[in-house]
Amino acid sequence: MPWYWSLFDETFMSSTNFVPWLNSFRVVLGSCFHCLITSGIVLGSCFNCFKRSSESYTILTYDRRFIQEWLSAGNRTCPQTQQVLSNTILIPNHLVRSMILQWCTDNGITLPPVENQEEDLVTNNERKTFSKIFERIASSSNLSEQREAIKDLRLLTKCNSSLRAAIGEKPDSISQMISTVSNPELENNAEVLEDMVTTVLNLSIHESNKKIIGDDSMAIPFLIRALQSGTMEARSNAAAAIFSLSALNSNKAKIGELGAMRPLVDLLEHGSMIAKKDAASAIFNLCMLHENKSRATKSGVIDVTLKAIVDDSLVDESLAILALLSGDHETVEEIGETGGVASMLRVIKEDQCKRNKENAAAVLFAVCMYDRTKLREVAEDENLNGSLAWLAQNGTSRARRKAAGILDKMKRAVHHTHYSC
């Protein structure tokens, strides 16, 4: 449900005048909801303009898109009364929202989906801002001006969600900006690369931009180059951008095909802690697509994640990745061959996190199902510690199933051995 916005004076809200005003407002507003700027029905968010004087209060309702445009243009007066506003603080107005919803229900009107209403809201002022910055980036012959514009765009797209939506109206601007950054005199500037990568990350947060960026022929290759050669912050933000874009399956496939997995695994192994977390998130998301599981394994993710677990670093993320990959035979084989059984047993015995025990049990179950020779190692540990028996009684529902499955497999193997003898 979108918000309806009010501009109120805090002293008025806490005064004895507020409740009588609220009750009268319910009656006066009635069933007719029109924006006083456009005269159209308010189907999006609305904004109440408030002016306090010594004798009276003026409260007027506007569609948020148009009153925000009015305020963004620098106006600090009420469009209807021309009185100076005491402040421009936005406050959600649940009353008006519920009244409009009821009116729409009674009159057979369906409000647009919430996610589209707020995210796609772009004012003319924001369009102008974006166009001016884009022109400075793409058309200026002054390198210093271009660098400054790229930094401005990074900052604006970080804090202004509506400006992020503006890219949807000019989808080709992504490749044009990246082409500008590819200028030899800018390409080798680490700060410019970092700013541009972070801008792409900021833009990717907007839901509809994920497809626009993914479909751009230059965007994903640019992020992969940043993963390979940028500063640590640029590499971290490139991984975060890939994670954001990989929310779409179509982007998962493109990112995997274009070769992002190997630099992501390298960042997972050698990056800063923040960069490692960003890389792990991106790898996990990408591996939800079956084709990328093999790419991750071939890129060395098994060794890196098992080492992280042994080093007690990024244990949660590494176990989640291994559990996700454990449905792939090639991956399970490598886990068994590189000391994975001992690592999983240690997690089940010592880790205090139930989810980590669950993921370790899932990996161990896959290894035991694939390679019966590993059952002996598991059985020896179980005879000493009884960790699986405990987990089968006390773990999460999935952990209990996996632990019980391994124990059952062990019993069958023992029975088969005795029967053969």
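Predicted model: local features only at pLDDT ≥ 70, side-chain atom pairs only at ≥ 80, totals over all residues.

**Notes on the model**

1. Leucine 314 is buried, with a relative accessible area of 10%. This leucine sits in the loop between H19 and H20, and its phi is near 55°, a positive value in a residue other than glycine. Aspartate 312 belongs to that loop between H19 and H20 too, and its phi, near 60°, is likewise positive. In contrast to the buried leucine 314, aspartate 312 is exposed, at 60% relative accessible area. For context, most residues other than glycine have a negative phi.

2. Now the overall picture. The protein has 26 helices and four strands. Of its 421 residues, 49% count as buried. Among contacts with a separation of 6 or more, 68% join residues 24 or more positions apart.

3. Which residues touch the most other members of the largest nonpolar core? They are Leu264 and Leu364, in a core of 90 residues. Setting aside neighbours within four places in sequence, leucine 364 is in contact with Val341, Met344, Leu345, Ile348, Val378, Leu388 and Ile406.

4. One of those partners, isoleucine 348, lies in helix H22 (residues 340-350). Isoleucine 348 counts as buried because its relative accessibility is 3%, and the cut-off for buried is under 20%. Isoleucine 348 and leucine 364 are 16 residues apart along the chain, with 9.8 Å between their C-alpha atoms.

5. Helix H17 (residues 273-286) deserves a moment. Its 14 residues reach 20 Å from first C-alpha to last, close to the 20 Å expected at 1.5 Å a residue. The buried residues of H17 are Ala275, Lys276, Asp278, Ala279, Ala280, Ala282, Ile283, Asn285 and Leu286. What covers them includes helices H14 (232-245), H15 (249-257), H16 (261-270), H18 (290-298), H19 (301-310) and H20 (315-325).

6. Beyond four places in sequence, aspartate 278 touches Ser236, Ala239 and Ala240. I would welcome your thoughts on this residue.

7. In helix H18, alanine 296 is buried, with a relative accessible area of 0%. Leaving out neighbours within four places, alanine 296 is in contact with Met261, Cys287 and Val301. Alanine 296 and threonine 331 are 35 residues apart in sequence, and their C-alpha atoms are 9.1 Å apart.

8. On to charge pairs: a search of the whole structure finds 18 salt bridges. One of them joins glutamate 191 and lysine 151, at 3.1 Å from N to O. This pair links distant parts of the chain, with glutamate 191 in helix H11 (residues 190-204) and lysine 151 in helix H7 (residues 143-159), 40 residues apart. Both are partly exposed, glutamate 191 at 46% relative accessibility and lysine 151 at 31%. These two also belong to a network of salt bridges that links Lys151, Arg154, Glu191, Glu194, Asp195 and Glu233.

9. Two other salt bridges each lie within a helix. Lysine 211 and aspartate 215 meet at 2.6 Å, N to O; they are separated by about one helical turn because they are four residues apart in helix H12 (residues 209-215). Lysine 211 is partly exposed at 48%, as is aspartate 215 at 42%. In helix H26 (residues 397-420), arginine 412 and aspartate 408 are also four residues apart, about one turn, and their closest N and O atoms are 2.8 Å apart. Here arginine 412 is exposed at 56%, while aspartate 408 is partly exposed at 36%.

10. Finally, the cysteines. The structure holds zero disulfides. Cysteine 159 is exposed, with a relative accessible area of 64%, whereas cysteine 353 is partly exposed at 27%.

Key. Residues numbered from 1 in each chain as written. Heavy atoms only, no water. Disulfide = S-S within 2.5 Å. Buried < 20%, exposed > 50% of the residue type's maximum accessible area, 1.4 Å probe, protein only. Core = buried A, V, L, I, M, F, W, Y, C linked by side-chain atoms within 4.5 Å. Contact = heavy atoms within 4.5 Å. Expected span 1.5 Å × (residues − 1). Salt bridge = Lys/Arg side-chain N within 4 Å of Asp/Glu carboxyl O.
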